[in-house]
Amino acid sequence: MANYCHLSYEDRKNIEDGLNENKSINQISKEINRSHSSILREIDRNKKYSEPSAWNNYKINHPDLDLSCERLKHSPYVCNGCKSRSGCRKVRWTYYAREADNSYKEVKSEARKGINLTPEEVYKINSILTPLIKKGQTINHLYINHPDILDFSKPSFYNYVNNGVFEFSPLDFPRIVKYKKRKNSKNRRTRKEREILINRKHDDFQKFISNHPDFNIVEMDTVEGLKDENDCFLTLLWRKSKFMLIFKLESQTSEEVSRIFNILQTLIPYDDYKRLFEVILTDNGHEFFDVLNIECMHSTGEQVTKLFFCDPHMSCQKGMIEKNHEFIRYILPKGSSFKNITQEDCDLFMNNINSLCRDSLNGKSPYEAMLFLCDEYVLKSLNCYYIKPDEVILNDSLLKY
């Protein structure tokens, strides 16, 4: 069956001929290889209304007469094929292939002519969105928080932007992050590293999660600065809420990662920590190989977390945090130095990222979604706070305030 294809004039002519011959919709459907519903919609969309001559006088002279036609109360709801159509004194609805095809061509032509916005609407969109786009806000975020002015589709919005309808251009939106090529490392794992991965590989992770589907999963990774600098960020992201924590590391080492987990265990109450860090999934970076300091409470040695590792060169297995790193790169593009970035700066752009509304969260922000996993006082203890939608900034101007 020819699905998702526009009807041709030949198709419409076959529909008209079939109706004139009193064929059923199913018969016509099989003959032209189109769905039953497509034909019904075509007829309903293009049937033409007409009245017999002296219609008003006829209604006045016969006020009690039922002038509705029984034929129009049943599928296909048109007068095609009726033998008494030419002399009928009732309302008529008729499908004409030529008029239907002309109407189709006119609609298609109008849709391609240009914008369907008034100058007033363009001015309003410019005045409201331009300052927000200059803050680095994404299209999804704008659509979620300004449905009153963005009442057309996103593809139309992109077309308007590309055609120069608005004051802002494609270059004003967050850039596309270019990913690094995969590294082909020839270094073999040490025996100790191979032992660490026993029962902690991605297959083990999948088996564990299938038995504990309600557990909180945290994806963990690092974001590197310049190659000749040791500074980097540690990122932690909860899959259920897309909420991300960002910490400044002085070096990409297991000691620095352990230091962050010690801080987290100090700031977050014991029961909340156990519930939030039930499972952690990360890559094979050496900074994550101090397993005990990640899985266990530093004060007691009790194991409260299960740590698993992705397969080598399979960052897609923790794709949510990889995707979320794009927002960091809006603020600190590739090639930026992290040397002068403080933890206060990390908190600032972390909170802007977590306040960005997401379609995947039904229009809510990760901060709002995270409140279903923990109380607000836990977030406040981590210097997390909510930023109003129109105040979110996601470009390099954020760190200049």
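**View 1. The largest nonpolar core of the predicted model and its most connected members.** Of the 60 residues in the largest nonpolar core, those that touch the most other members are Phe-233, Leu-236, Trp-238, Leu-245, Phe-261, Leu-264 and Phe-277; a nonpolar core is a set of buried Ala, Val, Leu, Ile, Met, Phe, Trp, Tyr and Cys residues joined through side-chain atoms within 4.5 Å, and buried means under 20% relative accessible area, with exposed over 50% and partly exposed in between (1.4 Å probe, protein chains only). Leaving aside residues up to four places away in sequence, Phe-277 touches Val-218, Leu-236, Trp-238, Phe-261, Leu-264, Ile-268, Val-304 and Thr-305, where contact means heavy atoms within 4.5 Å. A second, separate core of 18 residues includes Leu-129, Ile-133, Ile-139 and Tyr-160. This is a predicted model, in which local features need pLDDT of at least 70 and side-chain atom pairs count only at pLDDT 80 or more, while totals for chains, interfaces and linings use all residues. Residues are numbered from 1 along each chain as its sequence is written, and side-chain values use heavy atoms, with hydrogens and water left out.

View 2. Five strands form an open sheet of mixed pairing in the order β5-β4-β3-β6-β7; helices (H or I, at least four residues) and strands (E, at least two) are DSSP runs, numbered from the N terminus, and two strands pair if DSSP finds at least two bridges between them. The edge strands, each pairing on one side only, are β5 (243–249) and β7 (306–309). On average, and with direction ignored, neighbouring strands of this sheet are turned by 25 degrees against each other. Strand β4 (residues 232–238) runs antiparallel to β5 and is joined to it by seven bridges, and the bridge partner of Trp-238 in β5 is Phe-243. Helix α14 (residues 319–331) packs on the sheet, where it touches β3 (217–224), β4 and β5, and its direction makes about 45 degrees with that of β3; axes are lines fitted to C-alpha atoms, for helices over the stretch in contact, and angles run from 0 to 180 degrees between N-to-C directions. Helix α15 (residues 343–354) also packs on the sheet, touching β4 and β5, with its direction at about 165 degrees to that of β5.

**View 3. The crossing of helices α2 and α3.** The axes of helix α2 (residues 25–32) and helix α3 (residues 36–46) come within 9 Å and cross at roughly 110 degrees. That makes α2 roughly perpendicular to α3, a class that spans 65 to 115 degrees. In this contact, Ile-25, Asn-26, Ile-28, Ser-29 and Ile-32 of α2 meet His-36, Ile-39, Leu-40 and Ile-43 of α3.

View 4. His-202 lies in helix α10 (residues 202–211) and is buried, with a relative accessible area of 8%. Apart from residues up to four places away in sequence, His-202 touches Leu-281, Phe-309, Cys-310, Asp-311 and Gln-317. Val-378, found in helix α17 (residues 376–381), counts as buried at 1% relative accessibility. With residues up to four places away in sequence again not counted, Val-378 touches Ile-268, Asp-272 and Leu-276. Val-378 and Pro-269 are 109 residues apart in sequence, yet their C-alpha atoms are 7.9 Å apart in space.

How values were computed
Angles under 35 degrees count as roughly parallel, over 145 as roughly antiparallel, 65 to 115 as roughly perpendicular and the rest as oblique.
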